[in-house]
Each structure stands twice: as structure tokens, then as C-alpha cells.
Amino acid sequence: MKKNIYLYLFLFAALICLYLAVSGSKMSKVNTNRIQTLETKVDALKDSLQEKELRALELQYFSLENNDDALAYYDHLELENPTRYISDKLLETNESKGDNPLVPYEGMQNDFKINKIKVLNHKWILADFSDGKYWGEILIRYELKDDLGVDFTLMDHLLYTRSN
């Protein structure tokens, strides 16, 4: 009787070991496939990230922050961030009551105010304006003076038409 119990225990242990070996092998294959799939995704994401970084660098080409020649015009003023300073001065023109004085249109829904600003170089700004329903863009020439005053001159403008 003792002999049979040991035999059954041995067979039971052998079956458990066999089961663990087979399931471990299957789990290993599944994990290997999963790792390969994730590595492929990571490679694709790295390529996508590199493309986006190149696109971002391309978009930053016309930008005061990345134009050392244009920034050299403001070295003597010792401004920490000339782009931010100029943008803030332009946004201050929104504080006047009514439409922004640089926008050559009268607001139809509300007053036209400048929303987004792109300082292109040491002379030009591209800005977006809107009244909440209608919008457009303006090209502004600016001059940053030694006393840190900024003069803005409207060069060109456009108002988008609504299609409906």
C-alpha cells in the first residue's frame, strides 16, 4: 500500500512538472511574440517622434527665438525673452475698449481682439484675430526702441469669409 501511495505521488508530481513545463513553454512563446510586437511599435513610435521633431524644427524656422541674426538687434537691450516682451506689448493693444486698433475691421459679433501671435523676426509679426465668430490674420511691422517702447504698423490683413 505504501508502495502505491509513493507511486501515485510520483506520478502526480510528474504530471504537475509536465504541466508546468508545457505551460511555461507556451507562456514563453506568448511573451516572446508580445515583446517582438512591442519592439515593433516602439520602433514605429521612434520614427514618428523623429518625424514630428523634424516638423517642429521646420515650423520654428521663421521664429525670432531661433534667429540669431534677428536676436542680435536686441542684445543691447538685455531682454531675457524679446519674443515674450513683444507679444505682451501687442496683447496690451487688446486692452483698449472696442476693437483692437490694429485690426482694420469692425467686429460683427463682438470686438475684434488679437488671439495668437507669431513673432517672425526683428521686424514682422503674424497675428490671428477674432470676434468669436469671424476671424482673420494680420501682418504687422514693429519697431522695438531703445526705451523698450514698441511701435506697431499694420502692413496687410485678411478676413476669412464664412461659407454658410
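Glu58 and Arg55 sit three residues apart in helix α1 (residues 2-59), so about one helical turn separates them; helices (H or I, at least four residues) and strands (E, at least two) are DSSP runs, numbered from the N terminus. Their side chains form a salt bridge at 3.9 Å, N to O, meaning a side-chain nitrogen of Lys or Arg within 4 Å of a carboxyl oxygen of Asp or Glu. Glu58 is exposed at 55% relative accessible area and Arg55 partly exposed at 47%; buried is under 20%, exposed over 50%, partly exposed in between (1.4 Å probe, protein chains only).

This is a predicted model: local features need pLDDT of at least 70, side-chain atom pairs count only at pLDDT 80 or more, and totals for chains, interfaces and linings use all residues. Residues are numbered from 1 along each chain as its sequence is written, and side-chain values use heavy atoms, leaving out hydrogens and water.

How many salt bridges does a search of the whole structure find? Three. Another joins Lys89 and Glu92, at 3.9 Å, N to O; these two are three residues apart in helix α3 (residues 82-92). Asp151 and Lys145 also pair, at 2.6 Å, N to O.

Now the buried site. Tyr142 lies in strand β3 (residues 135-144) and counts as buried, at 1% relative accessibility. Among the residues that Tyr142 touches are His122, Tyr74 and Asp151, where contact means heavy atoms within 4.5 Å. His122, in the loop between β1 (113-119) and β2 (124-130), is buried at 18%. The C-alpha atoms of Tyr142 and His122 are 7.8 Å apart.

How values were computed
Lists of a residue's contacts leave out its neighbours within four places in sequence.
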